[in-house]
Amino acid sequence: MGNNNSFHIGYIFRISLVAAFGGLLFGYDWVVIGGAKPFYEPYFDLVGPDKAWLSGWAMSSALSGCLAGALLSGAFTDSMGRKKMLIIAAILFTASAIWTAFSQSFSTFIVARILGGIGIGLASNVSPIYIAEVSPTSMRGKFVSLNQLTIVIGVLAAQVVNLLIYNYSPIDREATADVILNSWSGQYGWRWMFAAEAIPAGLFFLLALVIPESPRWLLQQNRTGPAEDILTKIGGVEYAATEVSSITQMLQTGNETSNYRELLQPKLLKIVGLGIFIAMFQQWCGINVIFNYAQEIFSAAGYDVSGMMFNIVITGIVNLLFTLVAINTVDRWGRRPLMLLGSGGLMVTYAILGACYYYEVKGFVVLLVVLTAIACYAMTLAPITWVLLSEIFPNRVRGAAMSLCVSALWIACFALTATFKPINVALGASGTFWLYGFICLIGFVVLYFKVPETKNKSLEEIERDWT
């Protein structure tokens, strides 16, 4: 298998980082619309109670694209290859950024947002698969976690870009829709927020053209020579020979082609079911509510507008720092302990947060508990979910199985976001977080009994153990 000293770490890092650009654009595209919202809404006449549905559609339209992209990736990733799908995702991100920025009508704006959503769906599926398939066993968790790190960086980048563009021509917070519409920000500023994404998206496209294809996919296509060359660049001649032998042997035990129907086989169905649970639990653990509704959460805790804006920046910084912690622990501590730490830690944190709201504790204490929850999530469930999903499926069906799980993740994301306000009204802030804590308890139990450790196992060893 080779040792860490024999691997060409710089080469592995470079090609993994290119694939992880998909994560960066995923994070940017997902968050940028929030900062642009106050400005494009007057432009497209989405202001007022009677336009609430259209306003919500503008915010969530990309999500329909995410689901479509995730399903499409399953249909084509295993047949076309990982590299081509990354290139297509880069094209979609670039086209969406430019098209959104030049939109003159609401309908073209929506189409452009859906196009970007398809890019997110493709990237969120293919980027972790590619990185897992080019990474040596002993470092696979660390490199796959790069994808989550770039997502977090993309989120912060969008927040910073939005703030810089807004500050170029600031508007009084009490300004009417007409004042905003006739301002520089209302006419052009929001366009630059979206257009800025075209720079990293274009770079992603150019770099995706020059990275190699996944050696495991090449071997699946009986292209042994190119696969051997890439594996030699990764770990040397001996490593390449060992990997080719192991991967080829594993592929010979299964079907040469894959489709969704094959996933219905009892052994594979069990693994896919677990993968779907892990993906949905990452969303239903409730942490994204804190990101999506930070304003409401901090307002309920007694913070004014400036305090809320400052706290949101702090949450982003904590998210980034503890994602770096995950990268340094995933291959040492293992996947299973980190997933259990995340679900158990969030369960306890939500119990405390719910108590804070119940007993009307306000201010710094609530901020501290919220930051603890974000730190816990950032170093556990956020990155490790992607690591596990990229590892647990057999080579021949990895793209199709991953796409089902990513599709389930996006459906769960939509369900979480859509149900938070009704649940919050029915149960109050305290009851809502206690409910999420109970979901985390269920997650902890399932993970404890159903998820074995994958640390220090090759993808082929995992396939033999699980199937």
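Begin by selecting Arg336 and Tyr448: the charged end of Arg336 sits over the ring of Tyr448, 5.0 Å from the ring centre. (A charge sits over a ring when NZ of Lys or CZ of Arg is within 6 Å of the ring centre and within 35 degrees of the ring normal.) Before you go on, note that this is a predicted model, where local features need pLDDT of at least 70, side-chain atom pairs count only at pLDDT 80 or more, and totals for chains, interfaces and linings use all residues. Residues are numbered from 1 along each chain as its sequence is written, and side-chain values use heavy atoms, with hydrogens and water left out.

**Around Tyr448**

Areas come from the Shrake-Rupley method with a 1.4 Å probe, and for residues only the protein chains shown count as cover.) Leu441 lies in helix α19 and is partly exposed, with a relative accessible area of 35%. (Buried means under 20% relative accessible area, exposed over 50%, and partly exposed in between, with a 1.4 Å probe and protein chains only. Helices, H or I with at least four residues, and strands, E with at least two, are DSSP runs numbered from the N terminus.)

**Aromatic pairs**

How many aromatic pairs are there? The count comes to 23. (Rings of Phe, Tyr and Trp, the last by its six-membered ring, pair if their centres lie within 6.5 Å; planes under 30 degrees apart count as stacked, over 60 as edge-to-face and the rest as tilted.) Select Phe26 and Trp410: their ring centres are 5.3 Å apart and their planes stand at 55 degrees, so this pair is tilted. Phe26 lies in helix α1 (residues 9–43) and Trp410 in helix α19 (residues 398–450), so the pair ties together parts 384 residues apart in sequence. Phe26 counts as buried at 8% relative accessibility, and Trp410 counts as buried at 3%.

Next, go to Phe106 and Phe109, a stacked pair with 6.4 Å from centre to centre and 15 degrees between the planes. Both lie in helix α4 (residues 106–134), 3 residues apart, about one turn of the helix. While you are at Tyr43, look for Arg191, whose charged end sits over the Tyr43 ring, 4.8 Å from its centre.

**Salt bridges**

There are 12 salt bridges in the count. (A salt bridge is a side-chain nitrogen of Lys or Arg within 4 Å of a carboxyl oxygen of Asp or Glu.) Select Arg398 and Glu133, which meet in a salt bridge at 2.6 Å, N to O. Arg398 lies in helix α19 and Glu133 in helix α4, so the pair ties together parts 265 residues apart in sequence. Arg398 is buried, with a relative accessible area of 0%, and Glu133 is buried as well, at 1%.

For the next stop, select Arg216 and Glu243, whose salt bridge has its closest N and O atoms 3.1 Å apart. This pair links distant parts of the chain, with Arg216 in helix α9 (residues 215–220) and Glu243 in helix α11 (residues 237–252), 27 residues apart. Are Arg216 and Glu243 buried or exposed? Both are buried.
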